[in-house]
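Trainee: Please take a close look at one chain of this model for me. I would like a connected account of how that part is built and how it meets its partner.

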Amino acid sequence: MLQFIIEYFHEILFYSLFTMAVFFSWNVIMTKTTLRATLSLCFLILTNACFFLLLNAEFMAIIQILVYISGIVILLIFVIMLTDVTQEYIPGTLFQSFLAKINVALFFSAIVCLVIFYFPSHMLMKNFITYHENNLALIGFSILNTNQNGYILPFEIISLLLLVVLVGCLKISIK
Amino acid sequence: MMDVLQITLKHWLFLTTLTFSLGLYSFLVKQNLISILIALEIMFNAVAMNFVIFNQYIYADLVDGKIMAIFIIAITAIETVVSLAILILLFRVKQSNQIKYLLMKTR
C-alpha cells in the first residue's frame, strides 16, 4: 500500500485535486448567496495554484495566490458587502437553464472530440515534464528582453493600462 | 502495472475543458452581476492554465506560455476592477445588482 502511494504520488495528488476543482466549480454554480460563491472561488484558486505546482510552474502558483486571493477575491467581498442588498433569489427560467445546459454540453463534447481525434497522438501521450532550475530567471529575462522574441512592449503597455484603469475607476466611482 | 493512471496532456486538457464548461454554464445561468464576474474568473483561470500546460508539455525549455498566462492574469484583474466600479455606479442608480433590473429603464 505504502509502496503504491509512493510510486503513484503524483497521480494520487492529481486526481484528488481534480475532484476538488470540479467540486468547487460546481459549488460556485449551485450556491445561492454570492458570498459563498466567492469563498468557493477562493478554494478553486487554491487548487489551481496546486495544479501549477504539479506542472513545475512555481512562479505561476505564487502569482495566482497573490493576485487572485489577495486582490480580486478581497475586492469582490468588498463589493458584495457594499451592494448586496438581501434580495430574493431569482433563478432563470427553466427553459433558459435547459438551453444553457444543452449548449454547454455540446461545447464540452465538441472540444473533447476535437482533442481526441484531431490532436497528434504522440503529443497527447507525452507524460513527462522536464524541470528547469532557472525557470524564474528565464521568465524575468524574457519579459524584459528587447530582442525580437522579448516581451518588453506588452509589459509596458500593461503597466500603462493599469495606470489608466486606476485613474478611470476613481473617476467612475467617486462622484 | 497501471499505465492507465499515467497523467498525460489529455488529462490536463480534460480538466481545463471541464472547468471552463462549468464556468460557461454559470455565466449563462446566473442572474446576479457579481456571480457572472465570478464565472468569468473561473473561465479565465482555465484558459491561463491551458497556456501553462501547453508550455510545460510541448515547449518545456521556453517560457512564452507562462508569460501569456501572466498577461491573462493582469488583464483579468483589470477587467474585474473596471466592472466592479461600473457595478457600484449602476447600483447607485438602480438600487439592485440583478441584471433583470439593470436592463430596465430608469423612471
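Mentor: Of the 107 residues in chain B, 44% count as buried. Keep in mind that this is a predicted model. The fold of chain B has four helices and zero strands. Read from the N terminus, its elements run α-α-α-α. Chain B is also more spread out than a compact globule, because its radius of gyration is 19 Å, well over the 13 Å that the globule rule gives for 107 residues. Taken along the principal axes, the C-alpha atoms of chain B fill roughly 70 × 30 × 15 Å. Now consider contacts within the chain. Take those in chain B between residues at least 6 apart in sequence: 40% of them join residues at least 24 apart.

Next, the partner. The contact between the chains takes 60 residues from chain B and 71 residues from chain A. Three helices of chain B, α1 (9–29), α2 (33–57) and α3 (64–94), each supply at least two residues of the side that touches chain A. The largest share of that side comes from α3(B), with 19 residues. Sort the side of chain B that touches chain A by class, and you get 39 nonpolar, 16 polar and five charged residues.

How far does the predictor trust this? The mean pLDDT of chain B is 85. In chain B, 93% of residues reach 70 or more. Among the elements of chain B, α2(B) has the highest mean pLDDT, 91. Helix α4 of chain B, residues 99–102, has the lowest, 72. For the model as a whole, ipTM is 0.89 and pTM is 0.88.

One detail across the way, in chain A, deserves a stop. A:N56 has a positive phi of about 65°, although it is not a glycine. Where does A:N56 lie? It lies in the loop between α3 (34–54) and α4 (58–83) of chain A. A:N56 counts as partly exposed because it has 16 C-beta neighbours inside 10 Å; a buried residue would need 20 or more, and an exposed one 12 or fewer.

Technical notes
Residues numbered from 1 in each chain as written. Chains lettered and ligands numbered in written order. Predicted model: local features only at pLDDT ≥ 70, side-chain atom pairs only at ≥ 80, totals over all residues. Contact = placed C-beta atoms within 7 Å. Nonpolar A, V, L, I, M, F, W, Y, C, P; charged D, E, K, R; others polar. pLDDT = per-residue confidence, 0-100. Rg over C-alpha atoms; globule rule 2.2 N^0.38 Å.
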